[in-house]
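Me: I would like to go through this structure step by step. May I ask about it as we go?
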Amino acid sequence: MKITCVGGGPAGLYFALLAKQRDPRREVVVVERNRPDDTFGFGVVFSDATLDNLADADRPSYDAIRSSLAHWNELHAHFRGRVLASTGHGFSGLSRQKLLAILQARARELGVALRFEEEVQDAGEALSGSDLVVAADGVNSRIRERLADRFQPRIDVRPNRFVWLGTTFPFDAFTFYFEESRHGLFRVHAYRYEPERSTFIVECREETFRRAGLDRASEEETIAYFEELFADKLRGHRLLKNRSVWRSFPTVHNERWSAGNVVLLGDAAHTAHFSIGSGTKLALEDAIALVESLGRHPRVPEALAAYEAERKPKVQAFQRAAQVSLLWFENTERYMALDPVEFMFSLLTRSLRVTHEGLKARDPAFVREVDAHVARKAEEQSGARVTSAGGAPPPPMFTPFRLRTLVLENRVVVSPMCQYSAEEGGIDDWHLVHLGSRALGGAGLVLTEMTDVSAEGRITPGCAGLYRPDHAGRWRRVVDFVHARSRAKIGVQLAHAGRKGATKRLWEGADVPLESGAWPLLSASAVPYLPESQVPKAMDRGDMDQVTADFVQAARWADEAGFDLLELHCAHGYLLSSFISPLTNRRTDAYGGPIEGRMRYPLEVLDAVRAAWPAERPISVRISATDWAPGGLTTDDLVALSVMLREHGADIIHVSAGQTDPSGKPVYGRLFQTPLSELVRLEAKVPTIAVGNIQSYADVNSIIAAGRADLCALARAHLYDPYWTRHAAAEQGFDMEWPPQYRSVEKTTFRLR
């Protein structure tokens, strides 16, 4: 087999040497446009786990890399005059030039042909006589560009500017600087890779870049600017250049990684922001995976398909983490008002891959400081005493939180979950057991399913309602049980389905219109949810007045039922949400147009409900923070509407996303909506509930400790385990008192197998 690797960076060289090592009969050629000793940038970073993978793949190159590493365990952040430190972070730095020299030497030793200063213009040229072409030609891959119709690349060029510098300052930890100058905030990512050399990446927003005149600066002028700005940090050491031009980071995705006998590798296939230090790691692990796939599958097309199927999901998970980390650095200004301990925890957990539990294993002293900080703030905010075990602060999830006069004993919320089991809006024993068992399970707040304010406002015939006097009595039975038998509080979510109404129950067909017995629908505009859906009526003034009256009456019955909190459902494409999204609101009157117009009717409803609901009890509003679709809600819209909700009496915002329009393409994943909650909380300065694939108590603790939300709502976790909160307490050694009827389990240890 003849293999041509286009690109002599770490990805191409490592694949080439592994391919030759696994089968010496292969003819392996690396073609590189630059000279052997050319390199751009300064150092690369490896985690300890990555190094273990390299040891298993090729011991000689691993030994050479290992002997050249600068290792550190600590991470330092310089923030508002303080140096914040955390330990237990096993990473190493290595000169990029040294890495290339090691890989080149090992490739030659194994018999790989290295051809430098040779340009490959397209895949056809490389394919001539080759059984396999590996396009490892970087982020600006010419081969990917030539075959763009096959690979279908998507390149997202990010707004921040960065420049890759070096310095002679020998950092003894991975170091972040957050330096505010007269021009704006600069972030620095710095680490040592040789005894007297370190990488020094400077990043800033576009407006800061231009205010500082760096858009017109030469390399020498850039260095002079930062040597002056960071003079006290560099202590007389110099900054270094190496084609150090200002760039914007491109996030690269490809729909396909192979086309015929051509396969993408490393940055040509994908990129991950430098803030998680995984670009070289991903490239080398790509090489390992591709070589292993070629070993398992003799035919090249099968091997490439298997490589992509196995490797792509892992890379996409890293890219999701890198995207969240990238957004943290794009918006660092948002975090500068945080308390230093909270800021440091937010920084360390910014990718959402590092959790409270993970940090606790690495650096227990720092996590104790974090937990103590959260506990102090919770006591001040709630006016309630924080319980502790043996003098240690509790996990963040078990701290109290106050909304008006309502005090929740912990931060766990049972998210609304439609049961589709009511008759004519009336709930029954199913709902008593469903909600009652979750309240006994230890959550601080239990929210009812979407409860509709009129028969015409239901999604399905099985939806719960609060539009008849007898409905209030049925709900009172549930509320009384929760109050009498648990320490949980209970809230009702009031809603109107709008254009998504008159459909079958979920298990009969999601969003499938009723074949008989349907009722007329209302929406902001006369646009059906799906092509086969009923066309709703665009609401006129009379409709608005009637629906507002329905919400007010439902709120009064909710008060009569004794609910502790009311949540107004303005999310997921239901009636009030249909006014907020520009995809569903196409009105040309005062209730359409810019966000102020689109919010006019939802705010009218909120004002009316707030007036009808007892002043001492809180109101939550659930929103869809993004439509996940072009032309949908913008970030500016989101902040603006959140501020409006706060100013009109919303005490907390329940930050969900999507489901507003079928054109939306959500980016699912663990904690996928949490960054939206953080954005609303910090930019609009309003408490939030985070929701969306929160999977563990480690996630909940991380979200609360980092200030990404004030409460965390979980749905499926509570379906799987109604006692999820109690079990989380037991696993963390936190004493949560069981009901007397169940107290025999307190000192019992169980196992499932």
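Me: To begin, how many cavities of 30 Å³ or more does the structure hold?
Reply: This is a predicted model, and the structure holds five cavities of 30 Å³ or more.

Me: What volume does the largest cavity have?
Reply: The volume of the largest cavity is about 60 Å³.

Me: Which residues line the largest cavity?
Reply: The lining consists of Arg-499, Lys-500, Gly-501, Ala-502, Thr-503, Asp-511, Pro-513, Leu-521, Tyr-529, Ser-533 and Gln-534. By class, four of the residues in this lining are nonpolar, four are polar and three are charged.

Me: Let me stay with Asp-511. Where is its place?
Reply: Asp-511 sits in the loop between β23 and β24 (522-523). Its phi is positive, about 65 degrees, although Asp-511 is not a glycine.

Me: Next, how much space lies in the second largest cavity?
Reply: The second largest cavity holds about 50 Å³ of space.

Me: Which residues line the second largest cavity?
Reply: Cys-570, Ser-577, Ile-580, Ser-581, Ile-623, Ser-624, Asp-627, Leu-633, Leu-641 and Thr-660 form that lining. Five of the lining residues are nonpolar, four are polar and one is charged.

Me: Which elements each supply at least two residues of that lining, that of the second largest cavity?
Reply: Helix α19 (575-580) and strand β27 (619-624) each supply at least two.

Me: What follows β27? In which loop does Trp-628 lie?
Reply: Trp-628 lies in the loop between β27 and α22 (635-647). Its phi is near 55 degrees, which is a positive value in a residue other than glycine.

Me: Is Trp-628 buried or exposed?
Reply: Trp-628 counts as buried because its relative accessibility is 18%, and the cut-off for buried is under 20%.

Me: Changing topic to helices: how many residues has α17, and what span does it reach?
Reply: Helix α17 (residues 469-485) has 17 residues. From its first C-alpha to its last it reaches 25 Å, close to the 24 Å expected at 1.5 Å a residue.

Me: Which residues in α17 are buried?
Reply: His-471, Ala-472, Trp-475, Val-478, Val-479 and Val-482 are buried in α17. The elements that cover the buried residues of α17 include α16 (429-440), β22 (445-452), β23 (489-495) and α18 (541-561).

Me: What is the relative accessible area of Trp-475?
Reply: Trp-475, in helix α17, has a relative accessible area of 1% and is therefore buried.

Me: Which residues is Trp-475 in contact with, leaving aside its neighbours within four places in sequence?
Reply: With those neighbours set aside, Trp-475 is in contact with Ile-427, Leu-435, Thr-448, Thr-451, Ala-464, Gly-465, Leu-466, Ala-561 and Phe-563. As for Val-453, Trp-475 is 22 residues away from this residue in sequence and 14 Å away in space, C-alpha to C-alpha.

Me: Now the sheets. What is the order of the seven strands in the open sheet?
Reply: The order is β6-β5-β12-β13-β14-β11-β15, and the pairing is mixed. At the edges are β6 (82-86) and β15 (239-240), each of which pairs on one side only.

Me: How many bridges join β5 to β12?
Reply: Five bridges join β5 (residues 75-79) to β12 (residues 174-181), and these strands run parallel. In this pair, His-78 stands opposite Tyr-177 in β12.

Me: Why is strand β7 largely enclosed by the rest of the structure?
Reply: Strand β7 (residues 91-95) is largely enclosed because four of its five residues are buried.

Me: In what sense does β3 pair with β7?
Reply: Strand β3 (residues 43-47) pairs with β7 in the antiparallel sense over five bridges, and Gly-43 stands opposite Ser-95 in β7. Strand β4 (residues 70-72) also pairs with β7 in the antiparallel sense, over three bridges, where Trp-72 has Phe-91 as its bridge partner.

Me: Finally, how many residues of strand β16 are buried?
Reply: Four of the five residues of β16 (residues 250-254) are buried, and the strand is mostly covered. Five bridges join β16 to the antiparallel strand β10 (residues 153-157), with Asn-254 in β16 as the bridge partner of Pro-153.

Notes. Residues are numbered from 1 along each chain as its sequence is written. This is a predicted model: local features need pLDDT of at least 70, side-chain atom pairs count only at pLDDT 80 or more; totals for chains, interfaces and linings use all residues. Side-chain values use heavy atoms; hydrogens and water are left out. Two strands pair if DSSP finds at least two bridges between them. The expected span of a helix is 1.5 Å times one less than its number of residues. Buried means under 20% relative accessible area, exposed over 50%, partly exposed in between (1.4 Å probe, protein chains only). Contact means heavy atoms within 4.5 Å. On a 1 Å grid over the protein atoms alone, a cavity is a set of points where a 1.4 Å probe fits but cannot get out, and a pocket is an open set with protein on both sides within 12 Å along at least five of seven lines; lining residues have an atom within 4 Å of a point. Grid points are joined across faces, edges and corners, and a volume is the space filled by probe spheres set on the points. Ala, Val, Leu, Ile, Met, Phe, Trp, Tyr, Cys and Pro count as nonpolar, Asp, Glu, Lys and Arg as charged, and the others, Gly among them, as polar.
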